[in-house]
Amino acid sequence: MKRFFLYLLSFLLLSGASFYIWLLKASRIPALEFDHPILETSGIKKSRLRFSILDTGYSEVPEGFARVGGSWWQSIKLEHPVVVVDHPKGAFLFDAGLGSQMDVQLNRLPWYVGVFLKFTSTHSAKSQLEKSPDILQKIKFFILSHVHWDHTSGLSDFVQLPIKVLAAEHDWYLKEGDSKLHGILASAFSHPDFKWEIMTFQNKAYEGYEQSLDLFGDASVVLVNMAGHTPGSVGMFLNLSAERRYFFIGDTTWLVDENGFPYYKSKLARIISDNDIPQTVYQLSHLRKLKEANPKIILVPQHDARTLKQLATWPQWTSL
């Protein structure tokens with residue numbers, strides 16, 4: 001019996017050491033730095049654009065899971081917002097947040113998701129917008145930062161709205177199907193009336209990004225390709241004026257520091273969430289260079305509660 005326990009202890013120690021070595025290797029941060037010039041963006045004028053943050057819920061995670069250097073004994077909240085963007089030429093939603101079918105969808109996620117993420121729903125975007133029918137009627141489409149479940153849960157509450165994504169993201173979703181391991185739930189996309197629209201970006205550099213799309217042609221809403229976290233991740237610049245600019249960066253990182261610079265995710269979070277770790281690190285390097293060159297730009301990770309609280313929440317608006 002004593003020998004059995006020695007064998008068991010040796011096996012557990014060896015397994016633990018092997019897992020740690022794998023974790024270090026799989027989550028390594030390569031020496032990959034963004035080295036292109038940040039282009040000074042011209043043509044930004046004062047805009048009648050306004051936007052608001054819809055709070056649809058949150059998840060609680062150890063801070064050490066969310067970012068390098070965080071405490072594993074302290075929990076923090078990651079928000080799951082929907083950004084309502086209202087432009088004179090039309091309104092749209094950036095991401096779908098947690099929807100009314102969240103509980104059903106949660107039951108289809110792997111058990112281990114609950115070890116790190118405890119989801120709490122507040123009010124779906126649809127239930128909040130229904131109290132402002134004038135705005136609800138103006139909303140014409142969704143733009144997704146990416147297709148992970150926590151950004152698409154609420155799509156089923158708006159089946160009439162087209163869903164705009166990059167081709168690389170749509171192809172990845174079709175390839176992966178119901179890939180719970182990669183954070184994709186087919187049930188979030190299962191409604192037969194969903195209308196997917198593939199966005200085509202121009203080969204026009206914008207703040208160092210090689211491809212961009214000036215959505216309304218007035219430099220107030222500019223989308224950029226941020227492939228890394230997922231193959232077709234999209235970032236969104238909202239430019240109220242040359243002095244007031246907000247860059248919604250999806251899940252390229254989950255948190256920024258007190259000076260607005262992006263944190264790295266933890267080793268474990270990188271493995272679980274980032275489709276391409278080296279490319280995601282490259283995007284983080286780009287964000288750091290961008291923030292250094294343009295300190296007034298506010299980087300807004302989609303889950304960063306502290307940053308989101310600086311913005312107007314529904315039904316108030318951030319505007320000039």
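A salt bridge is a side-chain nitrogen of Lys or Arg within 4 Å of a carboxyl oxygen of Asp or Glu. The model examined here is predicted, so local features need pLDDT of at least 70 and side-chain atom pairs count only at pLDDT 80 or more, while totals for chains, interfaces and linings use all residues. Residues are numbered from 1 along each chain as its sequence is written, and side-chain values use heavy atoms, with hydrogens and water left out.

Across the whole structure, a search finds 7 salt bridges. In one of them the side chains of Arg67 and Glu63 meet at 3.2 Å, counted from N to O, and both Arg67 and Glu63 are buried (buried means under 20% relative accessible area, exposed over 50% and partly exposed in between, with a 1.4 Å probe and protein chains only). Another salt bridge joins the side chains of Glu207 and Arg245, with 2.9 Å from N to O. Glu207 lies in the loop between strand 7 (195-199) and strand 8 (212-214), whereas Arg245 belongs to strand 11, so this pair ties together parts that are 38 residues apart in sequence. Helices (H or I, at least four residues) and strands (E, at least two) are DSSP runs, numbered from the N terminus. Glu207 and Arg245 are both buried as well.

A further salt bridge brings together the side chains of Lys265 and Asp274, at 2.5 Å from N to O. Lys265 counts as buried because its relative accessibility is 2%, and Asp274 counts as buried because its relative accessibility is 8%. Salt bridges that share partners also join Arg50, Asp86 and Lys138 into one network. As for its place in the chain, Asp274 is found in the loop between helix 9 (267-273) and helix 10 (277-293). When residues up to four places away in sequence are not counted, Asp274 touches His229, Asp251, Lys265, Ala269 and Thr280, where contact means heavy atoms within 4.5 Å.

From the charged pairs we can turn to the strands. Strand 1 and strand 2 run antiparallel and are joined by 11 bridges (two strands pair if DSSP finds at least two bridges between them). Within this pairing, Ile53 has Val83 in strand 2 as its bridge partner. Strand 2 also runs antiparallel to strand 3, with 5 bridges between them, and here the bridge partner of Val83 is Phe94 in strand 3. A hairpin through 2 residues joins strand 2 to strand 3. Strand 2 is mostly covered, since 11 of its 13 residues are buried.

What lies in the nonpolar interior? The largest nonpolar core has 25 residues, and those with the most contacts inside it are Phe51, Val85, Val221, Leu223, Met236 and Phe248; a nonpolar core is a set of buried Ala, Val, Leu, Ile, Met, Phe, Trp, Tyr and Cys residues joined through side-chain atoms within 4.5 Å. The strands that each supply at least two residues of this core include strand 1 (50-62), strand 2 (75-87) and strand 9 (221-225), and strand 10 gives the most, with 3 residues. Leaving aside neighbours within four places in sequence, Phe51 is in contact with residues including Val83, Val85, Leu238, Phe248 and Trp317. A second, separate core has 23 residues, among them Leu54, Leu129, Leu155 and Phe158.
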